[in-house]
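Hi everyone, thanks for making time today.

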Amino acid sequence: MLSWEWQTLLEDLYKRSYIIVGAFALSILIALGVTSTKNMMRRLGKQWSQLHRLVYVAAVLAVIHFLWLVKSDYTEPLIYGAVLTTLLLLRTNLFSLNKQ
Ligand code: HEM
């Protein structure tokens, strides 16, 4: 009985793979949240910045999650995707905005 339910659950997750992507993004955000206290920042030192680069991964996963779950009108997730792409491009040095 329980094994049948497990199978249904797994089949469901397989059919709705966007849930796994969302759960992955959420796990990253939780990890970043719990390591954002002053104490944790001090303890992690340099590793803190490395770990927190995962925010880029979380943002991309969130857009994929939304694009994937939408059934017909892609407008909203595409707007998020465009905003994210713009922000990521600005984060690079491509536009020389970070000149000092
Ligand atoms: C365990 C984690 C997550 C689960 C299980 C989950 C699951 C879902 C489900 C079931 C939907 C609705 C699908 C439908 O309408 O048929 C949804 C919508 C959505 N999720 Fe997630 N999600 C998770 C994490 C996240 C995260 C971390 C983000 C963003 C950072 C996110 C952003 C969205 C957005 C933007 C929508 C569309 C809302 C709308 O219809 O206007 N989700 N998610």
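So, to start: what percentage of the 100 residues in the protein chain is buried? The answer is 7%. Keep in mind as we go that this is a predicted model.

Let me say a word on confidence. The mean pLDDT of the protein chain is 93, and 96% of its residues reach 70 or more. Helix α1, residues 2-15, has the lowest confidence, with a mean of 88, while α5 has the highest, at 98.

Now the overall layout. The protein chain has six helices and zero strands, so you can read α-α-α-α-α-α along the sequence. The C-alpha trace spans about 65 × 40 × 15 Å along its principal axes. The radius of gyration of the protein chain is 18 Å, whereas a compact globule of 100 residues would be near 13 Å. As for contacts with a separation of 6 or more, 49% of them in the protein chain link residues 24 or more positions apart.

Next, the core. The largest nonpolar core has six residues, namely Val 21, Ala 25, Ile 28, Leu 61, Ala 62 and Val 63. Two or more residues of this core come from each of α2 and α5. Let's pick out Ile 28: setting aside neighbours within four places in sequence, Ile 28 is in contact with Leu 54, Val 57 and Ala 58.

Which residues surround the ligand? They are Ile 19, Gly 22, Ala 23, Ala 25, Leu 26, Leu 29, Ala 62, His 65, Phe 66 and Leu 69. Both α2 (18-34) and α5 (54-69) supply at least two residues of that shell, and α2 gives the largest share, with six residues. By class, the shell has eight nonpolar residues, two polar ones and no charged ones. Notice that Ala 25 and Ala 62 are in the shell and also in the largest nonpolar core.

Is Gly 45 buried or exposed? With 9 other C-beta atoms within 10 Å, and a cut-off of 12 or fewer for exposed, Gly 45 is exposed.

Methods:
Residues are numbered from 1 along each chain as its sequence is written. This is a predicted model: local features need pLDDT of at least 70, side-chain atom pairs count only at pLDDT 80 or more; totals for chains, interfaces and linings use all residues. A residue is near a molecule or strand if its C-beta atom, placed from the backbone, lies within 6 Å of it. Helices (H or I, at least four residues) and strands (E, at least two) are DSSP runs, numbered from the N terminus. Ala, Val, Leu, Ile, Met, Phe, Trp, Tyr, Cys and Pro count as nonpolar, Asp, Glu, Lys and Arg as charged, and the others, Gly among them, as polar. A nonpolar core is a set of buried Ala, Val, Leu, Ile, Met, Phe, Trp, Tyr and Cys residues joined through C-beta atoms within 7 Å. A residue is buried if 20 or more other C-beta atoms lie within 10 Å of its own, exposed if 12 or fewer, and partly exposed in between; C-beta atoms are placed from the backbone. Two residues are in contact if their C-beta atoms, placed from the backbone, lie within 7 Å. pLDDT is the predictor's confidence in each residue, from 0 to 100. The radius of gyration is taken over C-alpha atoms; the globule rule is 2.2 Å times the number of residues to the power 0.38.
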